[in-house]
Amino acid sequence: MSSTPAASSTPLPHRSVASIRAPSVAGQSGPTTPLRSISSSFGSPSSLRADDEIIIVEFGTRKLQVGFSGDPAPRGCIWFGPDQLRRAGDFRDWQPGYRHDWRSAAAGGSWGRDYELWRYDVRSVDLGLVGDKVERALRDAFTKYMLIDSRPRRMVWVLPSSLPVPLLSAALDSVFTRFQPPTISLLSSPLALAVGAGVRSALVVDLGWNETVVTSIYEYREVATRRSIRGGRMLVEQTHNLLAKHLPQGLEGDAESQEHVLSFEECSDIAQRLVWCRPRSTAGQEEREGQEEEDAAARSATVRIPLTSWLSPTTLELPFDDLSEPCETAFFDAQYTLTSFDDDELPLHLLVYRSLLQLSLDVRATCMSRIIFTGGCSAVLGLRKRIFDEVSRLVQQRGWDPVRGKAVEQLLANPKLQRAPAAARRPSNTPAAAPRAQDVGEERDGVWHDRSATPAGPYMEPETDPIEEQLKRGGGHSDQQPPVRGELRAIESVGAWSGASLATHLKTMAVATIDREVWLLHGAAGASKPNEVDHKVQRQSLGPGGLMRGSASGGAWTLGVWGAV
Amino acid sequence: MATAFTPYSYIQCPCSDITLTDRRSGGSPTTSEPDGDDHAFDPRAPRSSFSLYPLEYLMYCEDCHQIRCPRCVAEEIVTYYCPNCLFEVPSSNLKSEGNRCNRSCFQCPVCIGPLAITSVETKPDPNLLAAPDNSATPLAGPYALTCSYCLWTSTEVGIQFDKHNGIHAQLAKLRNGGTTRLTAKERKERRKDPSYKGQPPPTDSQDLDHEAQFANLKAFYQGQLADPNAADAGLALLGDLGFSSPTSLSRIMSIYTGGGLLHDKKAKARLGAMREALDPDEGLLVASLDESAAIAKLRSEGLDGTASAAQRLGQAPNLVEPPLHGRERFLDSLRPVPHLLRTKRSKRCPVCRHIISKPESKVQTTRFRIRLVAGSYIPSISVRQLALSGGTGTGTSASGAAVPGAPLEPLKPAYFLLTFKNPIFETIKVTLGAPVTTPGRFASRVTVICPEFEVDANTDVWDEALKDNAERDREQRRRRGESISAGGGGINSANQLEVGKIWERGRNWVSIVVEVVPASLALAPGDPPLREDEDVLEIPMSVRVEWEAEMAGDEVGAAPSRSNSEAREKRELAYWCVLGLGRIRQR
């Protein structure tokens with residue numbers, strides 16, 4: 001700091017150069033141009049490699065998005081479908097009178113399987129086929145949307161963090177042999193979403209195709225994940241069941257057997273176009289009643305749905321309200337009690353609530369005010385609000401107390417057992433009370449010691465956050481409002497792809513960066529566990545050139561959260 | 001199924017074979033099928049459709065003597081152009097302007113037809129006396145994009161343009177419904193402009209569309225990553241000195257701060273000190289979860305108000321709206337689609353880097369400068385059904401042509417004529433191999449009557465015609481079943497089926513017969529139904545082509561001796577192909 005006034009008082013250029021040497025300025029890490037593409041500034045402009053263009057690929061179960069780093073949105077999106085499985089030169093799709101014979105393709109429980117890239121249950125997956133599908137989709141995207149030649153380019157993949165290693169390995173195999181990228185970096189999509197929302201911590205609710213995954217991110221780390229099989233696939237199944245129920249002849253007992261009467265394509269299309277989600281029913285009963293009379297006429301609205309994939313083309317006419325049924329059954333199943341669900345099929349609101357509940361107090365307070373809804377099913381109109389409202393209600397009812405049941409109620413109702421601190425417990429269970437609860441906890445120190453055994457007890461002492469401290473000290477942003485904590489709030493992200501594009505554009509290092517030669521040598525078996533890799537070494541070897549030669553020379557590398565074989 | 005079946009042939013590029021075995025040993029332990037020499041290629045496997053190509057799709061590298069499929073060529077881009085206006089786009093534009101035509105080429109979002117720019121104002125009827133005499137002047141006033149096919153106009157989504165040119169730029173500033181927005185460029189300028197510095201930029205969350213949020217986030221992160229103090233004091237002055245080059249800077253820094261480790265630590269500390277975005281200016285957008293208006297709209301409009309999957313798929317990424325979360329399903333959220341650019345590509349062999357295909361760089365021409373298609377190097381196979389009366393075995397005679405495309409009777413032998421046509425100027429020797437039964441659920445029996453034969457060179461047609469009669473006679477006799485040595489019975493055996501004998505022979509082609517016994521398609525009660533095309537009788541066949549070619553000049557070396565013409569080398573090419581013969585009749 002001392003040299004800064006000196007530099008300003010003597011505006012001679014050479015003095016300002018000298019000011020770099022002054023240790024105080026160097027302590028602030030000196031002048032930096034971290035955001036310039038460094039690799040292009042030295043060396044010959046190589047025509048064999050296009051180093052500056054990094055391709056970002058986001059993999060989903062049903063689609064794949066591709067673009068360049070630094071772009072706000074992907075350039076192209078490829079959906080997987082049965083026409084992708086055809087041979088080259090097979091143009092029967094365009095023939096007049098041709099109709100895809102979905103019935104035979106759907107036989108044996110593979111209804112809709114052609115529309116997916118992979119299933120996480122790798123026992124039944126042909127891994128070679130997955131590699132081929134990835135290759136063809138990427139090649140299509142590169143030719144149609146990216147308009148790039150086949151020079152090797154670095155790639156960044158955005159993947160769900162629960163992707164099994166065999167699938168990842170098959171995809172990497174295929175792309176490394178077919179496209180020759182020098183390196184592929186892996187980014188987890190919840191993390192990329194958090195970056196894309198501008199937050200360091202978040203609760204990412206990914207309403208995906210296979211399943212709904214709730215990931216808690218704290219300080220750019222995934223701290224907890226919970227999953228439920230209630231996802232897009234279930235929604236389309238339920239849509240099919242709804243439509244099948246309304247078909248003229250009924251199903252004559254076919255509903256029990258897994259026979260599908262409509263094509264996946266049609267059901268998926270209707271699910272995307274027409275299915276909506278009812279708002280939460282119990283809240284604000286009286287105001288809704290008034291509203292109900294108002295649009296009673298609208299309530300009787302019906303929707304005509306032409307169906308072509310049934311035995312004979314027909315047009316269904318069903319009440320608009322019925323179209324919220326699939327969403328109800330697929331995501332909430334409100335007719336069952338909350339205790340009747342298995343661990344892998346929790347209704348979404350319970351899933352979100354439990355995910356928050358299992359977090360420690362500080363993390364929960366931060367995450368609950370940074371909820372990001374994403375995934376294909378977040379496009380179901382009203383679903384995000386419904387989940388949000390249901391979670392708020394759960395929090396209102398239960399607070400953040402993991403212990404529930406009749407015994408607890410008895411305990412609370414029993415005046416004999418009630419001690420003085422128990423009385424103070426109730427107010428702390430009101431929603432959004434995390435910061436306030438801390439105050440209470442500090443007042444009654446003895447209580448806090450008593451209850452420290454429960455993991456999510458509300459009376460934890462606030463930990464000092466070194467990063468916050470640092471910010472307060474050095475940043476001079478003391479006038480900034482403190483970060484929002486402890487209230488439920490949903491925020492928008494630019495999306496996982498765009499988040500990854502941001503992160504890559506800012507030259508953030510991915511934990512898992514795989515070198516082509518090393519991969520072809522060892523495959524997934526060469527990956528070490530994430531904690532065995534010294535990232536400092538990797539970072540340094542990155543050097544100013546951004547070339548990852550260090551890992552090729554025998555350094556350990558990792559697949560990050562995707563694990564090791 | 002109603003249409004007649006056309007026989008076809010597909011060729012598997014040898015490149016996929018390598019990776020197939022490679023991957024099997026390395027990556028996937030689940031495919032445990034034994035790998036041996038005898039494993040026949042299975043055209044029914046779902047993976048096969050990724051490696052099979054019609055002959056017309058394949059290229060050939062003259063130097064490696066190998067087939068090159070679209071998967072195993074290296075591509076280079078010759079030109080970028082718009083398929084609608086045929087304007088050639090410089091490659092530098094591509095990075096900045098994106099992959100779509102930024103002139104006035106738009107596709108209809110409903111029916112993909114081309115959109116034309118028309119005036120919204122209707123022309124006054126010239127028959128009216130009151131009409132002013134302005135029919136000659138072009139129409140002024142707001143313009144819209146209209147589709148001449150389905151009559152969609154951009155006014156349906158509330159988009160009108162003030163000028164009739166620069167539509168792409170105007171569209172980027174308009175949201176559906178007609179509200180204007182700031183483009184990324186304007187936003188950046190506004191941020192720099194001191195006159196705007198005092199007043200806060202728009203912070204309305206409705207205004208924070210995808211592009212703006214991304215830009216705000218980027219600016220925020222960049223600001224966080226760069227130390228503000230350093231940027232104020234040091235860097236600004238250094239920039240004047242020409243020290244802004246990052247390499248020199250980092251070198252100086254590493255000299256003065258004593259080693260990279262220290263520097264790295266500091267850099268990390270700085271990274272750690274990044275805070276969160278706190279307001280819309282920094283890219284934080286609080287979600288508005290209330291979607292009741294959209295639900296009400298869906299209720300009133302029903303299915304007709306929503307866009308189909310294909311229409312949504314055709315849309316360019318929507319950068320001008322805040323996250324839609326399902327509202328993109330409505331028809332009025334569709335936007336005109338700028339045409340995707342296309343490329344002309346030249347192809348190289350990935351091994352020897354020789355060019356195997358190179359189109360003319362001019363957009364309008366469709367000619368190629370270099371094009372080494374596989375069809376002029378490897379024999380083509382055509383399939384025709386042969387109707388033979390009588391039973392199986394030798395000695396049956398042909399009785400007219402079969403009905404082409406008719407379904408095959410199960411369990412009844414059928415005969416197919418495979419004609420191999422030699423495109424090169426050397427005589428080739430063809431060896432065929434086919435598994436006795438076809439792989440898959442329904443195993444048909446296959447017998448190649450003559451698995452080994454020679455096809456004459458593709459000589460000039462005139463050579464043939466100018467040969468004297470006697471020679472031609474002898475030639476013809478040789479062709480008819482190579483029966484000169486076997487005695488005179490050769491000529492009238494033209495329609496005889498004999499094991500080891502070819503059926504017919506021409507100047508550069510040979511026909512052989514394949515006998516198939518189609519399997520019965522009867523399904524056991526528990527079986528899954530027939531999959532699409534499972535009733536097609538497809539036979540895998542390994543083809544091995546051998547020929548002797550002149551040594552290439554450079555391979556002979558420094559001594560171009562007189563033996564050059566005699567120096568011939570043996571070449572061979574082996575690949576799998578799949579022949580689709582016909583559909584088997586279902587009971």
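The structure is a predicted model, in which local features need pLDDT of at least 70 and side-chain atom pairs count only at pLDDT 80 or more, while totals for chains, interfaces and linings use all residues. Residues are numbered from 1 along each chain as its sequence is written, chains are lettered from A and ligands numbered from 1 in the order in which they are written, and side-chain values use heavy atoms, with hydrogens and water left out.

The secondary structure of chain A amounts to 24 helices and 13 strands, where helices (H or I, at least four residues) and strands (E, at least two) are DSSP runs numbered from the N terminus. Chain A has 565 residues, of which 53% count as buried, a class defined by under 20% relative accessible area, with exposed meaning over 50% and partly exposed in between (1.4 Å probe, protein chains only). Among the contacts of chain A (heavy atoms within 4.5 Å) between residues at least 6 apart in sequence, 73% join residues at least 24 apart.

Two residues of chain A illustrate buried positions. T61(A) is located in the loop between β1 (55-59) and β2 (63-68) of chain A, and it counts as buried because its relative accessibility is 9%. When residues up to four places away in sequence are not counted, T61(A) touches F80(A), Y115(A), E116(A), L117(A), W118(A), Y120(A), W209(A) and N210(A). With N210(A), the side chain of T61(A) also makes a side-chain polar contact at 3.0 Å, the term denoting a pair of N or O atoms within 3.5 Å, of which, within protein, one must be able to donate a hydrogen and the other to accept it, and for which residues adjacent in sequence count only if both atoms are side-chain atoms. L394(A), by contrast, belongs to helix α15 (residues 383-398) of chain A and is buried at 1% relative accessibility. Its contacts, leaving aside neighbours within four places in sequence, are with L338(A), H349(A), L350(A), Y353(A) and G399(A); L350(A) is 44 residues from L394(A) in sequence, and their C-alpha atoms are 8.0 Å apart.

Helix α7 (residues 189-197) and helix α21 (residues 496-505) of chain A pack with their axes 7 Å apart and at an angle of about 75 degrees, the axes being lines fitted to C-alpha atoms, for helices over the stretch in contact, and angles running from 0 to 180 degrees between N-to-C directions. The two helices are therefore roughly perpendicular, since this class covers 65 to 115 degrees, whereas angles under 35 count as roughly parallel, over 145 as roughly antiparallel and the rest as oblique. In this contact, S189(A), A192(A), L193(A), V195(A) and G196(A) of α7(A) meet A496(A), G499(A), A500(A), L502(A) and A503(A) of α21(A).

Strand β5 (residues 74-81) of chain B pairs with β6(B) over two bridges, Y81(B) having E88(B) as its bridge partner. Strands β12 (residues 342-348) and β13 (residues 355-359) of chain B are likewise antiparallel and joined by two bridges; they form a hairpin with six residues between them, and R353(B) in the turn has a positive phi of about 65 degrees. S357(B) in β13(B) is the bridge partner of K347(B) and also stands opposite R371(B) in β14(B), while β13(B) pairs with β14 (residues 368-371) over three bridges.

Note on methods. Two strands pair if DSSP finds at least two bridges between them.
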